[in-house]
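Please read the following walk through the structure alongside the sequence and the 3D view. The text moves from charged pairs to a sheet and then to helix packing.

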Amino acid sequence: MTTCIPAGTGKLHFRVRDFNAQGCRKASWVTFSELSWSRGVSKFLQIQRCNSSQSPINESSKPLRTITSSSLRDDSTKFFDFTVIGSGVAGLRYALEVAKHGSVAVITKAEPHESNTNYAQGGVSAVLCPSDSVESHVQDTIVAGAYLCDEETVRVVCTEGPERIRELIAMGASFDHGEDGNLHLTREGGHSHHRIVHAADMTGKEIERALLEAVIKDPNIFMFQHHFAIDLLTSQDGSETVCLGVDTLNTETLEVIRFISKVTLLASGGAGQIYPTTTNPPVATGDGIAMAHRAQAVVSNMEFVQFHPTALADEGLPVKSTKARGNAFLITEAVRGDGGILYNLDMERFMPLYDERAELATRDVVARSIDDQLKKRNEKYVLLDISHKPRDKILSHFPNIAAECLRGGLDITRQPIPVVPAAHYMCGGVRAGLQGETNVQGLYVAGEVACTGLHGANRLASNSLLEALVFARRAVQPSIDHMKSSSLDFSASNWWSRPVVPMSLERNVINKILTMTRKVRKELQSIMWNYVGIVRSTTRLEAAEQKIHDLEAKWEDYLFRLGWEPTMVGLEACEMRNFFCCAKMVVSSALARHESRGLHYTIDFPHVEESERLPTIIFPCSSVKSTWSSRQLHNQPMC
């Protein structure tokens with residue numbers, strides 16, 4: 001079901017629509033009492049289910065033990081006070097705080113540093129200059145978000161941001177300073193002031209370095225790399241869904257490892273890989289959003305996929321690489337903030353034709369403008385020129401970009417950079433309150449996987465790392481409180497049947513399944529790019545919906561005919577089910593929005609409509625007749 005709730009405070013009007021393979025169709029209205037959008041998540045986003053006779057909480061059981069090295073030797077089940085899924089800025093910052101109160105497992109899909117954080121170039125936005133103000137940052141965020149932001153959330157993040165930056169510096173993160181000794185602050189599109197803290201053009205990498213160093217030194221934090229999260233483990237406590245951990249697949253040993261914990265933080269990043277061209281690393285396959293949806297968590301605003309206007313267009317480089325990239329190379333917003341100018345291939349500047357802010361317009365505006373130029377002129381890329389700036393400043397501000405372009409035979413101090421839009425950031429995600437709480441008890445979210453209300457219909461540049469830092473910190477105290485008030489029966493590890501690695505299938509069968517899955521993955525990415533891209537239409541969205549439905553049915557039928565079973569797990573197959581789950585939510589949410597706002601632009605409803613200034617809410621659908629991608633593999637019966 002899809003439901004829309006108005007932003008800000010006031011009465012909550014829910015517009016309920018059927019959420020299924022055919023999209024949103026029926027609508028009705030319900031009015032709730034006055035409640036803040038951000039503070040009310042735990043109170044009203046409860047998924048009603050019939051009572052279960054078996055409660056996950058055993059009040060008489062002993063508290064969960066603190067983990068020691070010896071207790072980690074169990075092969076298949078591990079017990080922790082806190083489980084963190086994801087090793088980006090949100091997950092690591094949270095882990096460092098809760099580790100002061102208990103044992104922490106950090107589960108990461110690949111290497112610990114392989115996250116969206118590590119690829120973030122621009123910086124972190126925060127009010128650190130006397131001429132700037134929190135109010136100005138608030139207004140810039142709301143304007144960029146096309147007035148769909150939750151104002152209370154925006155104020156909290158903008159107010160608490162500066163302290164989060166100071167904490168990073170105290171932990172050893174090194175940011176650029178100006179000649180006056182103060183932090184060097186840059187300006188990016190949509191910002192009215194210079195407020196971007198950065199480490200050259202590798203800010204995310206520096207933050208990740210500082211946090212990982214601290215995590216490695218913490219004796220209460222245990223890192224589990226190459227562990228793919230399969231599904232959250234949930235059960236019922238009366239009418240409430242409770243999260244008690246997660247099943248994972250060790251992708252190196254092919255063992256299924258179960259993590260039982262009192263508190264789980266989902267910080268697994270976004271879903272950029274559902275598009276063929278994305279700045280996201282290969283691990284960003286929407287696993288967290290899909291897992292949470294299957295576990296009955298509420299998801300919001302999935303139609304708002306941010307396309308970064310300027311990813312490096314490899315085909316425009318003088319020297320072509322023989323090796324395909326796993327993800328597009330980002331050309332940071334700061335290049336335009338520093339004076340970079342966009343031209344078409346005839347060296348005609350075009351941004352002033354679209355917006356009075358020109359190159360400093362928000363990302364949604366710039367991406368649509370570039371898209372329009374490319375379609376009108378039938379060209380593959382545009383040019384971003386910073387060469388008119390002093391050579392030493394270009395190389396000091398953008399050393400990573402300069403080095404990458406030079407590998408392609410291009411000197412950015414003398415030549416313009418070929419750029420093209422690429423999928424970059426999910427403004428939607430698992431719906432969260434002001435403390436990162438979800439409607440699933442014991443499950444918290446932070447970072448790109450979450451939808452906190454900060455970004456609205458379009459994220460303001462450099463607000464993503466800021467949001468991750470603020471919400472990771474805000475989720476700490478309620479997590480500690482929940483951990484201390486909860487007890488688990490150690491027999492809980494046996495409540496769910498375990499996923500099965502398909503050892504029973506012959507090698508040639510596995511190879512056929514992998515070949516088919518990779519083909520289907522590319523087909524789905526192509527559908528999303530061609531039908532659910534920067535500019536949309538109802539006809540094309542409906543076509544995408546049907547194509548995705550047919551493709552998913554064909555893929556599942558192929559797997560099951562070859563002997564694959566719903567209880568089986570494998571990295572690429574499980575990623576594929578998450579692809580389908582996220583793609584369907586993006587399409588259904590886009591069909592539900594009958595206006596153009598922020599990142600969602602449709603030619604059938606080209607204007608902003610005040611009556612549509614409502615977040616899109618996706619409630620979990622029934623598991624009856626649902627596809628494999630929509631079902632938890634192993635969950636306690638809901639009724």
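With which residue does Glu572 form a salt bridge? The partner is Arg518, and the closest N and O atoms of the pair are 2.7 Å apart. The model is a predicted one. Glu572 has a relative accessible area of 23%, so it counts as partly exposed. Arg518 is partly exposed as well, with a relative accessible area of 43%.

Elsewhere, salt bridges that share partners connect a set of residues into one network: Arg93, Glu97, Lys100, Glu160, Arg164, Glu167, Arg473 and Arg474. The count of salt bridges comes to 43. In general, side chains of opposite charge can pair when their charged atoms come close.

Two further pairs can be set beside the one above. Glu404 forms a salt bridge with Arg407, with 2.7 Å between the closest N and O atoms. Both residues belong to helix α11 (residues 399–407), where they are three residues apart, about one turn of the helix. Glu404 has 13% relative accessibility; this is under the 20% limit, so Glu404 counts as buried. Arg407 has a relative accessible area of 55%, which is over 50%, and therefore Arg407 is exposed. The other pair is Asp355 and Arg357, whose salt bridge has its closest N and O atoms 2.9 Å apart. Here Asp355 is buried at 15% relative accessibility, while Arg357 is partly exposed at 35%.

The next element is a sheet. Four strands make up an open sheet in the order β14-β17-β16-β15, and the pairing is antiparallel. Why is one side of β14 and of β15 left without a neighbour in the sheet? Strands β14 (305–312) and β15 (341–343) stand at the edges and each has a single partner strand, so one side of each has no neighbour there. On average, neighbouring strands of this sheet are turned by 45° against each other, direction ignored. Inside the sheet, strand β16 (residues 382–385) pairs with strand β17 (residues 417–426) over three bridges in the antiparallel sense. For Leu384, the bridge partner in β17 is Ile417.

Which helix packs on this sheet? Helix α9 (residues 363–377) does, touching β14, β15, β16 and β17, and the direction of α9 makes about 60° with that of β14. Asp364 is one of the residues in helix α9. With 8% relative accessibility, Asp364 counts as buried. The side chain of Asp364 makes two polar contacts that can be located in the view: one of 2.6 Å with the side chain of Thr362, and one of 3.1 Å with the side chain of Asn458. Leaving aside residues up to four places away in sequence, Asp364 touches Asn458, Gly598 and Leu599.

Helix packing comes next. The axes of helix α5 (residues 151–170) and helix α12 (residues 463–474) come within 8 Å and cross at roughly 90°. The two helices α5 and α12 are therefore roughly perpendicular to each other. On the α5 side, the residues that meet α12 are Thr153, Val156, Val157, Glu160, Gly161, Arg164, Glu167 and Leu168. On the α12 side, they are Leu466, Glu467, Leu469, Val470, Phe471, Arg473 and Arg474. Several of these names return from the salt-bridge network, including Glu160, Arg164, Glu167, Arg473 and Arg474.

Helix α12 also takes part in covering helix α13 (residues 476–485). The buried residues of α13 are Val476, Pro478, Ser479, Ile480, His482 and Met483. What covers them includes β4 (77–85), α2 (89–98), β12 (255–266) and β19 (443–445), besides α12.

How many of the eight residues of α7 are buried? The helix is mostly covered, with eight of its eight residues buried. They are Asp287, Gly288, Ile289, Ala290, Met291, Ala292, His293 and Arg294. After α7 comes Gln296, whose phi is positive, near 80°.

Definitions and conventions:
Residues are numbered from 1 along each chain as its sequence is written. This is a predicted model: local features need pLDDT of at least 70, side-chain atom pairs count only at pLDDT 80 or more; totals for chains, interfaces and linings use all residues. Side-chain values use heavy atoms; hydrogens and water are left out. Two strands pair if DSSP finds at least two bridges between them. Axes are lines fitted to C-alpha atoms, for helices over the stretch in contact, and angles run from 0 to 180 degrees between N-to-C directions. Contact means heavy atoms within 4.5 Å. A salt bridge is a side-chain nitrogen of Lys or Arg within 4 Å of a carboxyl oxygen of Asp or Glu. Buried means under 20% relative accessible area, exposed over 50%, partly exposed in between (1.4 Å probe, protein chains only). A polar contact is a pair of N or O atoms within 3.5 Å; within protein, one must be able to donate a hydrogen and the other to accept it, and residues adjacent in sequence count only if both atoms are side-chain atoms. Angles under 35 degrees count as roughly parallel, over 145 as roughly antiparallel, 65 to 115 as roughly perpendicular and the rest as oblique.
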